[in-house]
Amino acid sequence: MLSALPEAISILLSLEGILVLMLGTSLGIVLGAMPGIGSTVAVAIVLPFTLTMSQAPAVMLLLAVYAGSVYGGSIAAILINTPGTPQSAATCLDGYPMAKRGQAGLALGWATVASVCGGLVSAVVLIFAAPQLAAFALEFGPIETFALILLGMTCIVSVSTGSLIKGLMAGMLGIFLSTVGGDPILGEMRFTFGNWQLFAGFNLLAVVIGVFALSEVFIRASAPISNVSELVTFSGIELPRWSMWRGRLRNLGKSVLIGNVIGVLPGTGAATAAFISYAEGRRSSPNRAGFGDGEPDGIVSSEAANNAVTGGALVPTMALGIPGDAITAVMLATLTLHGITPGPNLVQENPTLIAAIFAGFFIINLLLLPLGMALARVAAPVLRIREGFMMSAIVILCALGIYFVRGNPFDLLVMGCAGFIGFLLRRQGFPMAPLVIGMVLGPTLELTLRQGLILTDGNFLAFFTDSPIAFVLAIAALLALMIPIVRNFRTSKKD
Amino acid sequence: MPPTITKLKQESVIVQLLLLITAIALYLSTFKQGFTDAEAAQSPMFFPRIILMLWIVLNIIGLIQSVRHSNVTNPIASWWRILLVIAVTCVYVNLIGSEGFFLPSMVFALICLPLFGIRNGVLIVLFAVAVPGVLVLLFNHMLGMPLPTSRFTHYF
C-alpha cells in the first residue's frame, strides 16, 4: 500500500481532489449543522452526484461529508441547543450552557479542537488497523466468507434501536429485496412478475435515498410545524489557549480512545460513543463538578469521541465489507455502486484507492479546523432557515440525483415507494439501517452459501466442522446475536 | 386505554398485518414460478424461501408484540398535510420523466412550501423558480449533463 502512496497523493493534490475535499467537508459541516438532517441523510443526498466521478474522488467526497457532518452537528448543539446530528446530543449538555454564558465562540472552539484531535487519531487507527485485518481475511474461501457475512449480518442486532424483532424484520426485507432480479448462479429471473424493469433488481441507491432522505421528509410533514430556535450571540470561533488545556489533556486522550474502540465495534455508533465518553468524563475528570453547567471537558468528551468513531467505523467496512452503522452501510452501498467490493481483497486489488482514502481521510480531519472556523459563521444563519425550504430542497435534490444516475424514471418510482414504505415502517419503530445492510450483504450471503453447499456436497454442518475460521466466526456471530437478546430479555423481566 | 394510544396500536397492527400478508403471498408465489430443474440447494428459490420463512416467523412475533403492548409512535399532527405531501411527491417523481425537471419541480415547490407552513408568497415563488432554475442552468449549461426537458418547452 505504501508504494501506491505517491500516486494516491497526486490524486488528492489534483484540482479535482482538492475541490472534492474542500467542498465535501464544507458541505458536510453545513448539512450537519442543520437540525434533523444528520450524517446519514447528508451522505445519502450527496451519494447520486458521486456516480459521475471516478472512484477515489467519489469515496473522498462521501468521507468528507461524513466527517464534516459529524463535526457540523456540534454547531447547532451549541448555538441553538438542538443537536444537528444524534451524535452531538451529548454536546448540548455543556455546549449550550456555555454559549448562554456568552462564550459560544469558545465553546465551538473546544468542540472544533476536540473533533480534529478525535478525527486525526481515528485516521491513524484506520491506516494501521484496516490493512492488518484485511490481510488476515485474505485466506478466506466461500465458506469463511459466508461465516464472515453472517457475522456482519449480526450487526443488524446492534443497529436495531428500539425493537430487535423489527430490526431483524427490516434486515430480512432488505435481504429479500436483494434477491429480486436475476439468480446469481443460474441467471433465472425471480420475483419480477413479468416486469422487465425489475430484471436488474431494485436500484440500491433509489432504495437507500427513499428510506433515509425521503421518509425523513414525510416524517417531518407528519409532525407539528417547527419554529426556528433563537440563536445565542455568536461572532466567530475562539480557539482555547494552550494554558486552558492544563488538566484536560487526559480527558481528551481518554475520549479519543473510547471513540476509536467503540467505532471499530460494529453497530455501536457515534452517539453511543459520545454518551459513554461523556459519562466517563463526568466520572473521572478533575473538572467533573462543572459538568452540565458549561464545562469544557463535557464538550471535549463528547466531540472527541464522536469524531474518533468516524475512522474506527471505517475499519470493518473497508477491511471486511461489514458496515458498522447506518452511515457506513450507506458508504458500503456507494462503494458497491462504484464497482468497488469492500473486503479483504480491496487492499491488494486497489492499493491506490485505499491509500487515497486513508490519506484523504487524514487531510479531511485536518481541514476541519480551518473550514470549521470559517464556516461556523456561515452555518449559524443557516440554522434560521425554515424547515419547509429544507424539506422541499431535499425532495428536489433526491429526485434530481436519482434520475441523473441512470436516466430511468422507474428508479424515481422506486425511490417514491421506498420513501413511503420507509415512512410507514419508521413510524412503527422499524430501524432502516438493517434494511440497507441486508440489501448490501444479501447477494454475497446467498452466493457464498450456495457455493459452500456445492463444495460440501450440500452438507451445511460441514461449513463449521471443516473450517476452523468459519467455526470461530459462527460462534462470534452466535454470541453477537444472543448477547443483546439475553440483555433485552433480562431488562424486560426487570421492568 | 386513551383513544390516541388505541389508534396508534391499531396502526401498528395494520402495518404488521400488511407485512405478514405480503410475506405469505411472496412465499406462496415461489411455488408458482417455473425454473429449470436443479437440486434443492441450487434452486433459485432456495435462498429466498429461507429468508421469507424467517420474515414470516419474525412478523408473527412482531404482530403478537404489537397486539400485547402499546406503541410509542408519535401521533400525526395533520393527516391532510402528510397525505398531500406524499401524494404530491409521488406525482412529482412520476412526472419528471415525461414533463421534464423544471416544471414539475416548480409546481412541487409551489404546493409543498405552503404545506410546511411557509406563507410568504414572494419567497415561495422565488424558491420555486430559483432552485430548479439554478439546477437546470448548472446541469444543462455548465456541466453539460442534460436533465429531462418538458415535451412542451424543450428548453427546460
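Predicted model: local features only at pLDDT ≥ 70, side-chain atom pairs only at ≥ 80, totals over all residues.

The questions below move from the contact between the chains to the cavities and then to single residues.

Reader: How much area do chain A and chain B bury between them?

Author: The size of an interface is often given as the accessible area lost when the parts come together. Here 77% of the buried area is on carbon and sulfur atoms, and the total that chain A and chain B bury between them is about 5400 Å². On the side of chain A, 13% of what is buried there belongs together to the residues that lose the most area to chain B, namely Phe389(A), Ile396(A) and Arg427(A).

Reader: Which residue of chain B forms a salt bridge with Arg427(A)?

Author: Side chains of opposite charge can pair when their charged atoms come close. Across the interface of chain A and chain B there is 1 salt bridge by the rule used, while 7 residue pairs are in polar contact between these chains, counting pairs with both residues at pLDDT 80 or more. In the salt bridge the closest N and O atoms are 2.8 Å apart, and the partner of Arg427(A) is Glu11(B).

Reader: What is the volume of the largest cavity?

Author: Rolling a probe the size of a water molecule over the atoms shows where empty space is left. The structure holds 3 cavities of 30 Å³ or more, and the lining of the largest cavity includes Val59(A), Leu314(A) and Met331(A). By class, that lining has 6 nonpolar, 2 polar and no charged residues, and the volume of the largest cavity is about 50 Å³.

Reader: Which element gives the most to the lining of the second largest cavity?

Author: The second largest cavity has a volume of about 40 Å³, and the residues that line it are Ile11(A), Leu12(A), Gly17(A), Val20(A), Ala56(A), Pro57(A) and Met60(A). Two or more of these residues come from each of α1 (5-12), α2 (15-33) and α4 of chain A. The element that gives the most, with 3 residues, is α4(A).

Reader: How many residues apart in sequence are the parts tied together by Asp183(A) and Arg450(A)?

Author: Over all chains, a search of the whole structure finds 12 salt bridges, and one of them joins the side chains of Asp183(A) and Arg450(A), at 2.5 Å from N to O. Asp183(A) lies in the loop between β1 (181-182) and β2 of chain A, whereas Arg450(A) lies in helix α18 of chain A, so the pair ties together parts whose separation in sequence is 267 residues.

Reader: Which residue of chain B does Gln33(B) touch, not counting residues up to four places away in sequence?

Author: Gln33(B) is found in the loop between α1 (3-29) and α2 (46-68) of chain B. Leaving out residues up to four places away in sequence, Gln33(B) touches Met189(A), Arg190(A), Phe191(A) and Phe193(A) of chain A and, in chain B, Met45(B).

Note on methods. Residues numbered from 1 in each chain as written. Chains lettered and ligands numbered in written order. Heavy atoms only, no water. Buried area = accessible area lost by both parts, 1.4 Å probe. Salt bridge = Lys/Arg side-chain N within 4 Å of Asp/Glu carboxyl O. Polar contact = N/O pair within 3.5 Å; in protein donor to acceptor, adjacent residues only side chain to side chain. 1 Å grid on protein atoms, 1.4 Å probe; cavity = no way out; pocket = protein on both sides within 12 Å on 5 of 7 lines; lining within 4 Å. Points joined across faces, edges and corners; volume = space filled by probe spheres on them. Nonpolar A, V, L, I, M, F, W, Y, C, P; charged D, E, K, R; others polar. Helix = DSSP H or I, 4+ residues; strand = E, 2+ residues; numbered from the N terminus. Contact = heavy atoms within 4.5 Å.
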